[in-house]
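Subject: Structure handover

Hello,

Here is the structure you asked to take over. Please open it next to this email and follow along.

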There are 2 protein chains.
Amino acid sequence: MTLPFEKHEYLERIDRVKRSMENEGIEVLISADPANMNYLTGYDGWSFYVPQCVITALAEPEPIWIGRAMDANGARVTTFLGDSSILGYPDDYVQKRDCHPMDYVADVLRDHGLASKRIGVEMDAYYYTAAAHDALVRSLPNASFHNAHWIVRWVRNIKSDMEIQYMKQAGRLMELVMQVGVAHISAGVRQCDAAAAIYQSQISGMGDFGGDYTAICPMLPTGIGTSTPHLTWTDETFREGEATILELAAARHHYHSPLARTVFLGEPPDYLQDCAKGAVEALETVLDFIKPGVTAEEIVQTWQKVVAKYGIEKDSRMGYSIGCAYPPDWGEHTLSLRTGDKTVMQPNMTIHVMPGIWYDTWGVEISEAIRVTETGCECLANVPRDLFVKE
Amino acid sequence: MTLPFEKHEYLERIDRVKRSMENEGIEVLISADPANMNYLTGYDGWSFYVPQCVITALAEPEPIWIGRAMDANGARVTTFLGDSSILGYPDDYVQKRDCHPMDYVADVLRDHGLASKRIGVEMDAYYYTAAAHDALVRSLPNASFHNAHWIVRWVRNIKSDMEIQYMKQAGRLMELVMQVGVAHISAGVRQCDAAAAIYQSQISGMGDFGGDYTAICPMLPTGIGTSTPHLTWTDETFREGEATILELAAARHHYHSPLARTVFLGEPPDYLQDCAKGAVEALETVLDFIKPGVTAEEIVQTWQKVVAKYGIEKDSRMGYSIGCAYPPDWGEHTLSLRTGDKTVMQPNMTIHVMPGIWYDTWGVEISEAIRVTETGCECLANVPRDLFVKE
C-alpha cells in the first residue's frame, strides 16, 4: 500500500514533535488520538474502538505503534514503521475487568527503559479514557505524567503543501457533495434518502479520486431541528415551508473540507432572509479580513460588527482549525475563532469559518473552509454563498 | 419528534439502573457513553465530540441531561425529559486549556446537593477522557468516585421486545446491505465505489424504513488487507484472484445488526475453501448449540472442537454483545465469547457471533448476529452462509 506522504514528511513531523516535547520537558509522548497516530506514522484503520497509541520517545529513532494484535498487520500495511516498532497486545486485554491494554503499554515502556521518564499523555483525547490513564499511572509508579494534549495538535496546525493538496481535493469533493445534498432536499423526499445520496457522493467521489469517511456524519437538521446543530436524519420527509441545514464535509486521506449551507423549500420568511443576508455579508467581510498577522479574536470582532447591524446574536465560537481527523470530530482542537483566542494567523493554517446562528425554533448556517495564504485567505471549496431557495 | 420507545420503557430502564446502582452502592451515576445516554433518555445527536452526560441520581425522579448549550435544543427534541432536566453549558467551556465542561457538571451536582455522594463514573467509556475525570475529581473533593462502567451496559444486555423489533429491522436492512456489497465486489471496480454503494443502501434502506449511521464504517479489506480486520477502502480496484472481507452492519434507531462475509473473485485456492468450510461448519454447530443456560465459554469450546479438525487456530474472542451503539463501536462491551467468560445465555441477549480468522497474509470472516430465544437462537439477518465466489 502506498502511503499518502513520503517518508521524509513523517520524519519531519516527528522532528517537530520532538522539538516541542523538549520545550515542554516531555521525554516520552503517548499519542492515543487516531489523527495524531496517523500524522506521526501513517497508521490508518478503524481500530480506535480499542485502546492503541503511538509512543514518541526522545531517545528512540522511530515511534512505536502499539495496538491490538489483530490490528498489527494493519500497521504493517499502512505505516512506514519497521516490524520491530509494531507491537500488538494479546486479545486477553480487550474489554476486561481485571486488566487494561495500557498495562501492556506500561510493560513496553519498561522494556524500553522508559518507565521513569517524564511522560506526556493527551489527557483530553477521545480515546484516552479515565481508565486508560488510571492503568498507566498505576503501572508506572516511577514515571511522572504531564498533560501533553496540545503538542501534536499544534504541530499539525500549519499544513504542508501535500496536506493542502489533499484538503483542496477534499474541497473539490465537497463541491460535489453539497450539490448532491441540495439537489435531494425537496418536499416529499425522505431525509434518509437525502443522507444516503450525500454519503454515496462523499465516498464514491469523482473519476480521478474517491473520498474517505468523514469524522462527523452528514448533518441535515430540518424544520424545528434547525434550532440545534447536531441532529441527524429520520425517515420523515422534507416539508414545503421549512428550512434544512446541510452541515457536511468531504475527506481525502482523512483531510477534511467541511461546509454548511441552508436550504429553504418555498418562500422563506423575511426574518430568515434577513438573517441569511447578514450571515453572508459578515462571512464575506471576514474572508476579506483574514490574512497572516491578524488574530482569531480580531476575526470575531470583524464578524460581530457586521451582524450587529442585523440584530444577530451569537455566543458560541465561530470557527476552528481543521485538517486530518477521525470520528467523532473534524475539528483539530487548537485555535478557535472566539473572544480571548489570540492565535495569530499564519500561512497554511486551515480553518472552518462556521458562524452558525441558532435561535429557539430556527437557525442559519453558511460557512466556508479556508486556507490562510501569504496575503489573505482562499476557500477550499467553491460553492455559491447564499441561502438556497427551492420552489 | 416521536421517540422510538414509549416513555414507560425509558422509566423502566431507569428503574433497573437505579436498582443496579443500589446494589453497587452508587448514589449518583454519570453516564457519558452516548449509547447509555440514548438508552436512558432517548437523546440522539452527533454531539458526543464535546463532553456531555446524563446524570441518574437515586434521589432524583428524572435523569438530568447536560451538554453544550447549542445541543440543549437537540435534547428537547429527542428526549422525554422536562425542560428543567436539560442543562446546557456555555460555549466558553469548549476545548479550553483553563476549564473543562466537567467543571460545569460538578457545579450542577453541587446545586442539586449531590457533591458529597458516592458517584459512579463510566471509567472506560470512549468519551469519558482522563481530563474529564480529572476535572470532576478536582471539582468535587467531598465526593467518592467509583467505576460504574458496567452498570448501564449490563442493564442494556437483555433486550426488550421493542428493541428486538428494531434489531430485526436492522437485520432486514443488513440483508439488503450485504447483497449490495457483494454485488459491487468485482474486478476493476474501485473499492470506494463499493463502499459508497454500501453506505447508500445502509442509510436509504427500504421503502418502509431507512437506516441510521452505523457505529463502525463499512470495512472491506481486500487482498493482503484480509490479514487484518479494520482496514477501510482506497481508490484501488478489486482484483481477480483476491479475496475481500465485508464486515458491515445496518442500524435502526441505532440498534445494530452486523454481518461479515468473504468474497473471492475467481477460483479460490484450496486453503481458503477449506478454511471457509471449517468456519461455516463451526459457526453452524455453534448456532445449534446456543440456548438459554449455556455459557459464553462453552460456546467457544463448541466452536474450537469443530475448527480443530480443520487446523484452524484463533486466539482472539469470537463474538460479543450488540445492541444500541454509537461510533466508534457497535459492541456493547459486556459479554465476550471467549475462554474465561462465564456469562450464562438468557433469552433476548443479542450477540455478534464473529469468529474472524486472520493469518499473516489472508483471512476469512463469516459471522451471524443472533438473538437468544426461549429455546435456542435465531439469526437477525438471513444471508447465505458461505464463501461467496464470483467468477
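Start with one term: contact means heavy atoms within 4.5 Å. A second one: helices (H or I, at least four residues) and strands (E, at least two) are DSSP runs, numbered from the N terminus. A third: axes are lines fitted to C-alpha atoms, for helices over the stretch in contact, and angles run from 0 to 180 degrees between N-to-C directions.

The model is predicted, so local features need pLDDT of at least 70 and side-chain atom pairs count only at pLDDT 80 or more, while totals for chains, interfaces and linings use all residues. Residues are numbered from 1 along each chain as its sequence is written, chains are lettered from A and ligands numbered from 1 in the order in which they are written, and side-chain values use heavy atoms, with hydrogens and water left out.

**The sheet in chain B**

Helix α3 of chain B covers residues 69–78. It lies across β3 and β4 of chain B and runs at about 140° to β3(B). What do those strands belong to? In chain B, six strands form an open sheet, ordered β4-β3-β2-β1-β5-β6, with mixed pairing. Two strands pair if DSSP finds at least two bridges between them. In general, strands of a sheet pair through backbone hydrogen bonds, either parallel or antiparallel.

The edge strands of chain B are β4 (86–89) and β6 (144–147), and each pairs on one side only. From one strand to the next, the twist averages 25°. Strand β3 (residues 64–68) of chain B pairs with β4(B) in the parallel sense, over four bridges. There, I66(B) stands opposite L87(B) of β4(B).

Helix α4 (residues 101–111) of chain B lies across β1 (28–31), β2 (53–57), β3, β4 and β5 (118–121) of chain B. Its angle to β4(B) is about 140°.

**The sheet in chain A**

Chain A has an open sheet of six strands in the order β4-β3-β2-β1-β5-β6, and the pairing is mixed. Why is one side of β4 and of β6 left without a neighbour in the sheet? β4 (86–89) and β6 (144–147) of chain A stand at the edges, each with a single partner strand, so one side of each has no neighbour there. Neighbouring strands are turned by 25° against each other on average, direction ignored.

Strands β1 (residues 28–31) and β5 (residues 118–121) of chain A run parallel and are joined by three bridges. L29(A) has G120(A) in β5(A) as its bridge partner. Helix α1 (residues 7–24) of chain A packs on the sheet and touches β1, β2 (53–57) and β5 of chain A. The direction of α1 makes about 70° with that of β2(A). Helix α5 (residues 130–139) of chain A lies across β1, β5 and β6 of chain A, at about 150° to β6(A).

**Domains of chain A**

Chain A is divided into domain 1 (7–156) and domain 2 (158–390). These bounds come from an automatic or database domain assignment. The C-alpha centres of the two domains of chain A lie 33 Å apart. In chain A, 18 residues of domain 1 are in contact with 19 residues of domain 2.

**Helix pairs**

Helix α9 (residues 270–289) and helix α10 (residues 296–309) of chain A have axes that come within 9 Å and cross at roughly 150°. That makes α9(A) roughly antiparallel to α10(A). Angles under 35 degrees count as roughly parallel, over 145 as roughly antiparallel, 65 to 115 as roughly perpendicular and the rest as oblique. The α9(A) side of the contact includes G278(A), L283(A) and F289(A), and the α10(A) side includes I299(A), W303(A) and K309(A).

Now look between the chains. The axes of helix α8 (residues 191–204) of chain A and helix α8 (residues 191–204) of chain B come within 8 Å and cross at roughly 170°. That makes α8(A) roughly antiparallel to α8(B). Among the residues that meet are Y199(A) and I203(A) in α8(A), and Y199(B) and I203(B) in α8(B).

**Backbone details**

Most residues other than glycine have a negative phi, and most peptide bonds are trans. A cis peptide bond joins P327(A) and P328(A), with omega about 15°. P328(A) is in the loop between β9 (319–322) and β10 (331–336) of chain A. In chain B, a cis peptide bond joins P327(B) and P328(B), with omega about 15°. Q95(B) is not a glycine, yet has a positive phi of about 50°. Q95(B) is found in the loop between β4 and α4 of chain B.

Best wishes
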